[in-house]
Amino acid sequence: MAYPFRDERETRILSAHFGDPQARTLDGWQKRGGYGALRKALEMGPARVVDEVKNSSLRGRGGAGFPTGLKWTFMPKDDSRQPHYLLINADESEPGAFKDRELCRWTPHQLIEGALIGALAIRAQHVYIYVRGEFFEPAQIIGKAIEEAYAAGIAGPDVMGSGIGIDVTLHLGAGAYICGEETALMNSLEGRRGQPRIKPPFPAAVGAFGQPTTINNVETLCAVPHIIERGADWYRSMGTEKSAGTKLFNMSGHLIRRGNYEFPLGFNLKELIYDVCGGIRDGRRLKAVIPGGSSVPILSAGEIDIALDYESVARAGSMLGTASVIVMDDATSMVKQVRRIVEFYAHESCGQCTPCREGTTWMAKILRRIEAGDGRPEDLETLVDLSRNMTGTTICVLSDSAAAPVLSSLRKFRGEYEALLQRDEPVLATA
Amino acid sequence: MADERTPLGANPGHAGETGEFAHLSEADVRGSAYVGRRPLEGGDHGGVCSYPYQLPNRQPDAPLFEGPYAKRLERIRSRYPDRRGPLLPVLNLAQEVRGQLTPDALTRVAEVLDLAPAVVRGVASFYTMYNTRPVGRFLIQVCTNVSCNLCGGDEVAAAFLGHTDTEPGEISADGLFTVIEAECLGACGFPVAVQINDRYFENVTPADVPGILERLSAEARATGGDTG
C-alpha cells in the first residue's frame, strides 16, 4: 500500500508496509521477512553482493540515476585504506520530493538492512545516516530502530555473529538544501559549511574525513535487500531495460489523490495523473507538470503522454530526477511559481560560485518585478542570458537547477511573461 | 523537558487522515508510540544524536554541557573520528537547551570542541535552523515552496502572520510566536505543511490557523516556564 492512498495497479515492494505501524519494530520487521537479506549477504561476501547489485541495474534514486553497483566498485577492494564510510543521504529537500521521509518513518529497518548490506559491500566500518534537521519524527524513528538493531546484535561490533563490525550513526543536518549534494553532505558531516567540493577527487578516493566514502540515497538502499533476497534477474524483470525496478512516484500539486505510489519504471505519466491520482481537482484542467522535482524542466499539458523512466523523460526534454511529480492546473500563474522556485535556489545557494550566488539572486529580483507588473522589455532576454551563464559554470548543479525551470517556462509559457510585461501599470524607474 | 515531546492532539490533518488510513491514530502515523521518551543524556547508539529544536521550556541562561548534557556530549563525540565532526550535533544540543545560539553559547561550543570561535560562528550562520537571533517560544515555519504554494501556502503564511500580529521573523507581543516562511519541508503530498518547533502540521488551511494558535497558547499556559 502506498500512502496515504493506494492503488491496486501498484507494484509495492519498498512501500509494501507503509501505513503499518507494526512494521516499524524490529520484531515486526523480522516477522515480515526482514534481515533475511542481510544474513544472505553475509554468506555471499562483498564481491558477490556488489555483482548482484550491479547485475540488477539498480540506479541511484536521489536524482542522478547513477548505477549503484558501479558506484560501489569504485571503492578500494581491500582494507589498505580503512576506515571506509557509507553515507546515507536522507537530506530530502528537493521541492516536490517526499519519498525518503515516508521510507524513513514507516520502514526504518528496511533502510538499516540496506545500509548494512551496502556497508558490507564496500567494506565500510561506519554508516552515517544524514537526515535533514527538519525531520524530527523520521529521525526519532530511525534512532529507535538503530537502538534495536544494536541490542539484537544486528548492528555493532559483530554483525549477526559474522565477526564484521559496522557502526551506524544518525546525524542531523540543520537546514540547508545544498547538503543533499553529496560532497556538501560530506562537508556538513565533518562539521563544516555545506559547500560542495570540486571533483576529482571523487568520494571513493577522498571522501568523508579524508577516507574512501560512498554516498547513497535512502530509496536506493531500501531496494538493496529485495535485490539480494530475490535476485538481480527478478529486479531486472521490472521496469525497462535501462531503468530497472520500481520507483516511488511522489505526486503533489493540484491532484485529487496526492501521495506516494510505487510502480515499475516506465509507467505512463498521463495514466498516473489521471487514473491513479484521480486527475485535477476542482474540475480544472491540466496546465503543466514538473516530472522530477523543482530542478528539472517543466512539461506542458500536451507533453505528458510519456513513460516515466530515465531515458523517456530525457527524450521529452526533462529529467526523471527524484520522480517528484508536481502538477499544476490551468489557474496557476507560471511566472509566480517559477519565481518561487528561483527564490528557493537563491536562498539555498551556498555562495561559493559567482554565477550561482549572483545569478539566482538576480533572476529572483527580475521575476519579482515582472510578476508585480514592473517588468522591463529587456527582462526576458536578460533571464535567458543569466540562465545560460549559470549552466555548467559552477562546482555543483544547483545553479543549473535554478536555470532549468526559467528556460523551460520561457520557452513554453512565454505568453504569460509577455502579458505581464505589457500590463499597463506604473513602471518603477529603479527596481 | 526533552522527553515531553508528545504530538499535539487534533492536528488539522496529519497525513493519516488524508486518505485510506483513517484508522491510524496520529501516534501511529508519527511513530511516537513506538519511539517513546528520550532520556536527556541521550541513548547509546541511535538515541545519541541531538535535534536543533528548543525544549518546550527553554532556559536562556542554563549552563551548557553540564549534568546529563555532559554525558550526551561525550556520547556524541564517541561517534566521530575527529574533533570537528561533532560540531553540528553539539550546536544542536546548545540550541535545544537555550532556544537560540547566542555569541557566548557559540564561544562555549568552540571551547568544548577546541575549535576557533570564528569557525563555529561561520558554521552556525550557514544553516537556517540555527537561531542566531531570539525567536518566540513557538517557531512557526510555513512552507511556501512550490507544491505547498500551489495549494495555498502564501495564504496560510499570511493567516499566521495576521493572527499573531507580526511581521516575518518578529516575536509576537506575548512572546509566544515567531512566524517565518520555510523552504520545502519534504511533506509535499500533504500541503500546506507547517513546522512548529519539532512538530509537523499537515494539510493546514487558513481556517485552521486560529485553532492551532489557541492550542499552542493553551499548551504554553499549561507548561509554564519562560516565554522569551
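Ile129(A) stands opposite Leu170(A), a residue of strand β3 of chain A. The model is a predicted one. Ile129(A) also belongs to the largest nonpolar core, which has 199 residues, and is listed with Leu87(A), Ile88(A) and Ala115(A) as touching the most other members.

## The parallel strands of chain A

The pairing of β2(A) with strand β3 of chain A (residues 167-172) is parallel and comprises six bridges. β2(A) also pairs with strand β1 of chain A (residues 84-90), again in the parallel sense, over seven bridges. In that pairing, Ala90(A) faces Val131(A) of β2(A).

Strand β2 of chain A covers residues 124-131, and seven of its eight residues are buried, so the strand is largely enclosed by the rest of the structure.

Apart from neighbours within four places in sequence, Ala115(A) contacts Leu86(A), Ile88(A), Val127(A), Ile129(A), Val168(A) and Leu221(A). Two of these partners, Ile88(A) and Ile129(A), are named with Ala115(A) among the core residues that touch the most other members.

## Chain A as a whole

Chain A contains 17 helices and 11 strands. Its C-alpha atoms occupy a box of roughly 75 × 45 × 35 Å along the principal axes. The radius of gyration of chain A is 22 Å, which agrees with the value near 22 Å that a compact globule of 431 residues would have. Of the 431 residues, 60% count as buried. Counting contacts between residues at least 6 apart in sequence, 71% join residues at least 24 apart.

## The open mixed sheet of chain A

Another group of strands in chain A forms an open sheet of five strands, in the order β6-β5-β11-β8-β9, with mixed pairing. Its edges are β6 (259-264) and β9 (299-300) of chain A; each has a single partner strand, so one side of each is left without a neighbour in the sheet. Strand β5 of chain A (residues 246-253) and strand β11 of chain A (residues 324-329) run parallel and are joined by four bridges. Within this pair, Gly253(A) is opposite Val327(A) of β11(A).

In chain B, strand β1 (residues 138-143) runs parallel to β2(B), and six bridges join the two. Phe138(B) stands opposite Phe177(B) of β2(B). Is β2(B) largely enclosed or left open by the rest of the structure? Five of its six residues are buried, so β2(B) is largely enclosed.

The contact between the chains involves 67 residues from chain A and 54 residues from chain B. On the chain B side, α1 (26-30), α2 (32-35), α4 (87-98), α6 (117-126) and α7 (146-150) each supply at least two residues. By class, that side of chain B has 27 nonpolar, 19 polar and eight charged residues.

## Backbone details

| Peptide bond | Omega |
|---|---|
| Pro200(A) to Pro201(A), cis | about 5° |
| Pro191(B) to Val192(B), cis | near -5° |

Pro201(A) sits in the loop between α8 (182-189) and β4 (213-217) of chain A. Val192(B) is likewise in a loop, between β2 (177-182) and β3 (194-196) of chain B.

Positive phi values in residues other than glycine are the next topic. Met160(A) has phi near 50°, although it is not a glycine. With 17 C-beta neighbours inside 10 Å, Met160(A) counts as partly exposed.

Phe65(B) has a phi of about 60°, also positive in a residue that is not a glycine. Where in chain B is Phe65(B) found? Phe65(B) lies in the loop between α2 and α3 (68-77) of chain B. Phe65(B) counts as partly exposed because 19 C-beta neighbours lie inside 10 Å, and a residue needs 20 or more to be buried.

Notes: Residues numbered from 1 in each chain as written. Chains lettered and ligands numbered in written order. Predicted model: local features only at pLDDT ≥ 70, side-chain atom pairs only at ≥ 80, totals over all residues. Core = buried A, V, L, I, M, F, W, Y, C linked by C-beta atoms within 7 Å. Buried ≥ 20, exposed ≤ 12 C-beta atoms within 10 Å, placed from the backbone. Contact = placed C-beta atoms within 7 Å. Rg over C-alpha atoms; globule rule 2.2 N^0.38 Å. Pairing = 2+ DSSP bridges. Nonpolar A, V, L, I, M, F, W, Y, C, P; charged D, E, K, R; others polar.
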